[in-house]
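Good morning, and thank you for joining this group meeting.

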Amino acid sequence: MEIYNRRRLEAVSGAAVCESDDEGPTAHGGTVSSGWCGVESRINGGEKEHQHGTLSSTPSAPTPACTDSVASRWKIRGRIYHRSHLHLLLVAAVLLTHMLVNIRIGEAASQILNKAEPLFISRSEAFKFAVGDTITLPCEVASPGTYVLAWKRGIAILTAGSVKVTPDPRVRLVNGYSLQIRDAVPQDAGDYICQIAMMDPREITHHVEILVPPKITHVTSGGHLQVRKGSPVRLECSATGNPMPNITWTRKNNLLPNGEEQFTNPVYVIENMDRHKGGTYICTANNGVGQVATSQIILHVLCKST
């Protein structure tokens, strides 16, 4: 019995020593000692010896050194810490990757918006201007970016960017990139192209028509005509303008020989002239632009001598 108690005392004393050796960081460091495994081993071993009636004074074989169990536990803790550290690094790497991907997507979207292809807001149209008017042709473009806009007429370049190429002093750019031509003349009629200089050029075309007032260019015999009695006479009147003028004949202070008040045609024929059909015939040209043009022909009838 005395031997048994002594062995129990030795086991407890040994366990206390192991505890002090095994004790890692205390409650101040955040961990708790687990060095009671040696006590349990020694107590169990002593009880087993007592149960079998072993009364030998020879001490039993010592258990494995406490330092080995301490080292193994610290290795396990080190592995757990290492794995936790790797896990945190992996999570941080995943979050960083997602953040970079979102940044790249945002940059790509911004570049797409910034590199949006230019589009015409203005559309191709047909314009009519009278001689002397100021011509204004629109060319409004959305998102032009760094692309160069050019105005062309046929193969002639009028402007490129903000630079005027044509020497015509009447031409200039207004309201951004609209083309203006002052004091329109008939020669300004035609097609004007606003083009975006791209690999595949885009363009709109404005058709310009210049309206020209009528102008009489010719009348028979220069306005004075002598005709023998009984002979036919042919009166002609020619005029220019845009649109083409209509020619109307009237007779000053009288009706026409056929009883009509007026006759519309460039040519007026009078059959079988007599003195009652003589007088002043008026040619009027009208196309709805500006003022009408008029000219007259004085017709003299020559009577036969007896």
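Which residue in strand 17 does R251 stand opposite? R251 faces Y281 there. Before I go further, please note that this is a predicted model, in which local features need pLDDT of at least 70, side-chain atom pairs count only at pLDDT 80 or more, and totals for chains, interfaces and linings use all residues. Residues are numbered from 1 along each chain as its sequence is written, and side-chain values use heavy atoms, with hydrogens and water left out.

Strand 14 covers residues 246-251 and runs antiparallel to strand 17, the two being joined by six bridges. Strands here are DSSP runs of E with at least two residues, numbered from the N terminus, and two strands pair if DSSP finds at least two bridges between them. Five strands make up an open sheet of mixed pairing, in the order 12-18-17-14-15. Its edges are strand 12 (224-228) and strand 15 (263-264), each of which pairs on one side only.

I now turn to the cysteines. A disulfide is a covalent bond between the sulfur atoms of two cysteines; the criterion applied here is a pair of cysteine sulfur atoms within 2.5 Å. By this rule there are two disulfides.

One of them joins C237 and C283, whose sulfur atoms are 1.8 Å apart. The link of C237 and C283 is left-handed, with -65 degrees about the S-S bond. Because C237 lies in strand 13 (residues 233-242) and C283 in strand 17 (residues 279-286), the pair ties together parts 46 residues apart in sequence. Both C237 and C283 are buried, where buried means under 20% relative accessible area, exposed over 50%, and partly exposed in between, with a 1.4 Å probe and protein chains only.

The disulfide of C139 and C194 has its sulfur atoms 1.8 Å apart, and the link of C139 and C194 is left-handed, at -65 degrees. This pair connects distant parts of the chain, 55 residues apart: C139 is in the loop between strand 3 (135-137) and strand 4 (141-142), while C194 is in strand 10 (residues 190-197). C139 is buried at 4% relative accessible area, and C194 is buried at 0%.

Is C303 buried or exposed? C303 is exposed, with a relative accessible area of 51%.

Finally, P201 sits in the loop between strand 10 and strand 11 (202-219). P201 is partly exposed, at 40%. Neighbours within four places in sequence aside, P201 is in contact (heavy atoms within 4.5 Å) with Q195 and I196.

How values were computed
Helices (H or I, at least four residues) and strands (E, at least two) are DSSP runs, numbered from the N terminus.
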